[in-house]
Amino acid sequence: MSDAIGETWAGTHRFHARDLVRARSVAEVQEAVRSRTGPVRALGTRHSFNDVADTAGTLVSVVDVPPEPRLSATGDVVAVGAGIRYGELAIWLEQHGRALHNMGSLPHISVAGAVATGTHGSGDRLRLLADAVRALEFVDAAGELQRVERDDPRFGGFVVGLGAYGIVTRVELAVEPSYRMRQRLHVGLDWDVLADRFDDVTAAGTSVSLFTHWGAPTVEHVLVKQRVDGSFDASVLDAVREAEAGERFDQVSWTPQDGSVGPWLERLPHFRLEETPSFGDEIQSEYFVPRAHAPAAIAAVRELAADIDPHLIITEIRTIAADDTWLGPASGRDTVAIHFTWMRHDDAVRALLPGIEAALHPFDVRPHWGKWNAFDDAGIAAAYPRLADARALYRDLDPEGVFSNAYLERLGVR
Ligand SMILES: Cc1cc2nc3c(=O)[nH]c(=O)nc-3n(C[C@H](O)[C@H](O)[C@H](O)COP(=O)(O)OP(=O)(O)OC[C@H]3O[C@@H](n4cnc5c(N)ncnc54)[C@H](O)[C@@H]3O)c2cc1C
C-alpha cells in the first residue's frame, strides 16, 4: 500500500499500487509502460468508488498531459488529450461554438475515465458519453502508440474498455453546434403516475432525472433539462408543482434550476465545474435494467425502502438510449439507471447490495463498473452477452495481462 497515492475521490478505496507516474507527454506514458517492473494501469481523476483503477504495480495518469484540443476542418470532431476533464473541454468547445451531445452529472471527471467505465447522463435519446468517441489512441502493452477508429469491427470493445487493453492518450469526439438549455425542478411526483406514465415522464425533456428516497410518499424531485431547440410534451408534469426558489438544490454547487436559458454546459451537468461537487462523503452504487422493466424494477426496490433509506443520501433514476458497446450499461437495450448515493455506512451498504441485486435480478440487471456492487464473474457473464468478445480482444492485445488487475480478474473480464 502506498500512502502517497492515497484514495479514490470519495475515499471509498485506498490504492494498493506501488507507484504513480504523472505523465506530462505521450512519450512519458510509453516510457512508463516500457520500463515497468510489474503490472501497469491507467488512473483518471479517481472518481470511481471501487478498485477498478487499482493495480499491484504502477498507476499511470494522463491527466497532466497538455490536452491540446483541435477541431476537425468540418468542425464536427474534436481531438483532445484523454486526461482532460469534461468541464474544461466543455468550456473550450463553447468558446469555439461547439457542444457535446451529453454529459454526466459531474464535469470534473476525465474523458478517458468516463469513457472507460460507461459513464452516462440522462435522456431517452442520449447514449453514453462514450458514444461520442470516433477514434482513440492508446499506448499498448509493448509501449507502442496505436490508433483505432469507429469503423473497426472491434470498436465496441475499445470504448467502455475498463483500462483493460492500454492507456488511452487521445480521443476524437463527435461535437455539434453549441445549443442552449433550460432546467426546471419539480416537487412531488405521484409514484402511481410514474409507474403508469414512465415514458411520458422521461420524455418531458432532453434529460430527466428523478431524485427520491424510496419510502417517500411521492417521488421527491423531478429535474428536467430541455434544449430550447427541441420540442417536448411535458404535460404529465403540469400537476407537479415547480420548486420555489428556497426549495431548489443548493445553488452554489448545482447548475441553475430556475427555468432560465443558458449555454448547454451550464445546464446539462448537475454540478458546476468551479465548485466542489456532490456530497463528497459518500458511496455510490448504480444498477441498469431494460427500460421496459422500469415500473416493475422501481416497485421491487420500493419493497426494500425501510432497509435502504436509513443509509441513503439520495437515489437518482435516469434513462439511457441503447448502443452497440460490448460492455456498456445500455449495450443492446434502452435502459433505466437506478442510482444510490449512500452515506459512508460502509458495512451496512455492503450488506444491502446483494438484496438490491436480488430484487433486480429478474430484470437482467447490470452494475455500474465504477461504483460499489456485489457482482461476481458469473453475474457479469450473465449480464453482458458480449463479454466473451471483450475478453478475447483484451487477451489478444495484452496476452501477458500487463493492464489486468484484481478487479478485472474477479469479475471475469481478464
Ligand atoms: C460525484 C460523482 C458523480 C458521478 N456521476 C456520474 C454520472 O453522472 N454518471 C455515471 O455514469 N457515472 C458517474 N460517476 C462515476 C464516474 O463517472 C466513473 O467512475 C468514471 O469512470 C470516473 O472517471 P475517472 O477519470 O475518475 O476514472 P478513474 O476512477 O480514475 O478510473 C476509472 C477507470 O478508467 C480507467 N482509465 C482512466 N484513465 C484511463 C486512460 N487514460 N486510459 C485507459 N483507461 C483509463 C481506469 O483504468 C479505470 O479502469 C460519478 C462519480 C462521482 C464521484
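In which loop is R46 found? R46 sits in the loop between β2 and β3 (58–61). The model is predicted: local features need pLDDT of at least 70, side-chain atom pairs count only at pLDDT 80 or more, and totals for chains, interfaces and linings use all residues. Residues are numbered from 1 along each chain as its sequence is written, and side-chain values use heavy atoms, with hydrogens and water left out.

**Ligand shell**
- The ligand has 36 residues around it, and A42, H47, S110, T117 and H120 come nearest. A residue counts as near if one of its heavy atoms lies within 4 Å of the molecule.
- By class, the shell holds 15 nonpolar, 16 polar and five charged residues. Ala, Val, Leu, Ile, Met, Phe, Trp, Tyr, Cys and Pro count as nonpolar, Asp, Glu, Lys and Arg as charged, and the others, Gly among them, as polar.
- Domain 1 (70–178) and domain 2 (180–377) both contribute shell residues, so the ligand lies between them. These bounds come from an automatic or database domain assignment.

- The cut-off for a polar contact is a pair of N or O atoms within 3.5 Å.
- A polar side-chain atom of S110 is 2.6 Å from a ligand oxygen.
- A polar backbone atom of V168 lies 2.8 Å from a ligand nitrogen.
- For H368, a side-chain N or O atom is 2.9 Å from a ligand oxygen.
- Taken alone, the ligand exposes 960 Å², and the protein buries 99% of that. Areas use the Shrake-Rupley method with a 1.4 Å probe.
- The elements giving two or more residues to the shell are β2 (40–43), α3 (111–117) and β9 (167–174). The largest share, five residues, comes from α3.
- Helices (H or I, at least four residues) and strands (E, at least two) are DSSP runs, numbered from the N terminus.

**Annotated region**
- UniProt lists residues 13–178 as "domain: FAD-binding PCMH-type", in an unreviewed entry. Such annotations may be inferred rather than shown by experiment.
- Residues 13–178 are 18% helix and 26% strand, with end C-alpha atoms 38 Å apart.

**Salt bridges**
- The count is 25 salt bridges, each a side-chain nitrogen of Lys or Arg within 4 Å of a carboxyl oxygen of Asp or Glu.
- One of them pairs D199 with R291, the closest N and O atoms being 2.7 Å apart.
- This pair links distant parts of the chain, 92 residues apart: D199 is in helix α6 (residues 198–202), R291 in the loop between β15 (283–290) and α7 (294–302).

**Backbone**
- Most residues other than glycine have a negative phi.
- R46, not a glycine, has a positive phi of about 65 degrees.
- V160 has a positive phi near 50 degrees and lies in the loop between α4 (155–158) and β9.

Conventions. Polar contact = N/O pair within 3.5 Å; in protein donor to acceptor, adjacent residues only side chain to side chain.
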